[in-house]
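Me: I've got a fold on screen and I'd like to talk through its side chains with you. Can we take it one question at a time?

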Amino acid sequence: MADIPIPVDHRQRGFSLAELLVSILVTSLVLLATLALVNFSSQVSRVQGHVTEMQQSLRIAQSDVVRTVRMAGRGPLPAGNLPNGFAVGLRNNVPAGETIGGPGTPEVLEGTDVLTVRGVFDTPIYRIQPAAAGAFQLDGAGGGTLTIRSQEPANLPQNLQPLRDAIASGRPEALLLVSPENASLYAVVELAPGASNTGNPDQVTVGFRITGGTHSAAYGAFSPAGPGVFPPNLTSVAFVGILEEYRFYVRDERGVAPDGGPDLVPKLSRARVYPGTDFPWADNLQSWQTDIADNILDVQVALGLDTPLDGCTVQEDEVNCSIAESADGQNDDWLYNSARDAAAGWAGFPLHYVRLTTLARTDRRDLKYRAPLLVRLEDHDFSGSAFNDPKERMFRRRVLQTVIDMRNL
């Protein structure tokens, strides 16, 4: 019997070699494209994460400094003669090797600004009833006493705990004493814990030194009468506050680069000192460096004063005069926004604004990225700066600027 052919289902024949090779090739291309897309997405996500962290550092840096600067002079303490005034002081474009407070203290990053702010920030401004018996007394021996009650005047509550803490810890704090007649009549003296009394739960007797104290000479430099002299017209006191001083600066910190060499890891820091001195607050070395934000490359400060340099006069609208600026950046109301600016000649003009410019960078380099060359921030010229080296331009960078209204000045 002849064999009967069995029908063949072409769908079950499988792939030919050529078809198999084509399918493998197509699959490989799809996988490669998918991997490339995933890798690109991962790189974008990583870069965006670094940029987000950088922008967060910028916001934190600006927020902390702006909040304190806006309160400068609270107490009140006058601005003084700028740029090294009482409520606000500025060290402009510090040279290499300069420290925040003398030998052994943290080094400031070269070319950055150091902004000093003074005022009554974290503690209450205490009110005293000037007519009350024993409220204010001078002892005739370079000191005196104040009596501050927990409810005074008009039964308003006052938190005396900061004063009690300062006395108990023996801190020679600076005390700002203000007359009830005029805010321009004031003195800055030194708290004398040994001459103070906190035994009464309803009041604190605060002893103070005009002369002969640990820092009384430095504190007296903020008084209109000068060190060692108590204003003769200050015969009664209505307001008392603990005067504070903060210095904002970029700390020159060195770490280890991915290649094993030294690398710059700058930080925006805040130092707290006894006002007008180079002694850390509470004699704590940690007061020299409270880090605020990482990877801050530069902080530049310009002071907006009301002067006739831009064609305005001090009798004209102070806002328009203070923000006016000429094309060459020279004849304007901003001090330290141009390399032509010099500190001389600005004393006596009222301060209205502080312009804060902060430069930050990402935490890591992007090997395929080149940042634009840095040219100038305010009066800081970056010509020849190491930040324009090819290796440093691999970091992404951002600038944030804020104009701060000096509400207490």
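Me: Is Phe136 buried or exposed?
Reply: Keep in mind that this is a predicted model, so the values are computed from it. Anything under 20% relative accessible area goes down as buried. Phe136 has a relative accessible area of 16%, so the word for Phe136 is buried.

Me: And Phe230, buried or exposed?
Reply: Use the cut-off of under 20% again. The relative accessible area of Phe230 is 13%, so Phe230 is also buried.

Me: What do we call the way the rings of Phe136 and Phe230 pair up?
Reply: Their ring centres lie 6.0 Å apart, and the planes are at 25 degrees. Planes under 30 degrees apart count as stacked. Because 25 degrees falls in that range, the Phe136 and Phe230 pair is stacked.

Me: How many residues apart are Phe136 and Phe230?
Reply: This pair links distant parts of the chain. Phe136 is in strand S4, while Phe230 is in the loop between helix H3 and S9.

Me: What about Phe121 and Tyr246: stacked, edge-to-face or tilted?
Reply: The ring centres of Phe121 and Tyr246 are 5.8 Å apart, with the planes at 45 degrees. Under 30 degrees would be stacked and over 60 edge-to-face, with the rest counted as tilted. At 45 degrees, the Phe121 and Tyr246 pair is therefore tilted.

Me: How many residues apart in sequence are the parts that Phe121 and Tyr246 tie together?
Reply: Phe121 sits in the loop between strand S2 and strand S3, and Tyr246 sits in strand S9. Both residues are buried. Since they come from those two places, the pair ties together parts that are 125 residues apart.

Me: Which element gives the most residues to the largest nonpolar core?
Reply: The largest nonpolar core has 44 residues, and Val88 and Leu303 have the most contacts inside it. Elements giving two or more residues include strand S1, strand S14 and strand S16. The top contributor, with seven residues, is H1.

Me: H1 also holds Leu21. Is Leu21 buried or exposed?
Reply: Leu21 is part of a nonpolar patch on the surface with Leu17, Leu20 and Ile24, and together they have about 400 Å² of accessible area. Over 50% relative accessibility counts as exposed. Leu21 has 52%, so Leu21 is exposed.

Me: How far apart in space are Arg46 and Asp366?
Reply: Arg46 is another residue of helix H1, and at 44% relative accessibility it counts as partly exposed. Arg46 and Asp366 are 320 residues apart in sequence. In space, C-alpha to C-alpha, the value is 9.8 Å.

Me: Which residues are linked with Glu245 and Arg247 in a network of salt bridges?
Reply: Arg247 forms a salt bridge with Glu245, with the closest N and O atoms 2.9 Å apart. Arg247 is buried at 7% relative accessible area, and Glu245 is buried at 1%. The network holding these two also links Arg118 and Asp278.

Me: What is the N to O distance between Glu98 and Arg91?
Reply: Glu98 counts as partly exposed at 24% relative accessibility, and Arg91 is partly exposed with 24% as well. Their side chains meet in a salt bridge, N to O, at 2.6 Å.

Me: How many residues apart are Asp294 and Lys267?
Reply: The side chains of Asp294 and Lys267 meet in a salt bridge at 3.0 Å, N to O. Asp294 is in strand S13 and Lys267 is in strand S12. The pair links distant parts of the chain, with a separation of 27 residues.

Me: Which ring does Arg361 lie over?
Reply: Arg396 lies over the face of Tyr369, at 4.0 Å from the ring centre. Arg361 is also 4.0 Å from a ring centre, and the face it lies over belongs to Phe395.

Key: Residues are numbered from 1 along each chain as its sequence is written. This is a predicted model: local features need pLDDT of at least 70, side-chain atom pairs count only at pLDDT 80 or more; totals for chains, interfaces and linings use all residues. Side-chain values use heavy atoms; hydrogens and water are left out. Patches are made of residues with over 30% relative accessible area and no salt bridge: like charges are joined within 9 Å, nonpolar side chains (Val, Leu, Ile, Met, Phe, Trp, Tyr) within 5 Å. Accessible areas come from the Shrake-Rupley method with a 1.4 Å probe; for residues, only the protein chains shown count as cover. A salt bridge is a side-chain nitrogen of Lys or Arg within 4 Å of a carboxyl oxygen of Asp or Glu. Helices (H or I, at least four residues) and strands (E, at least two) are DSSP runs, numbered from the N terminus. Buried means under 20% relative accessible area, exposed over 50%, partly exposed in between (1.4 Å probe, protein chains only). Rings of Phe, Tyr and Trp (its six-membered ring) pair if their centres lie within 6.5 Å; planes under 30 degrees apart count as stacked, over 60 as edge-to-face and the rest as tilted. A charge sits over a ring if NZ of Lys or CZ of Arg is within 6 Å of the ring centre and within 35 degrees of the ring normal. A nonpolar core is a set of buried Ala, Val, Leu, Ile, Met, Phe, Trp, Tyr and Cys residues joined through side-chain atoms within 4.5 Å.
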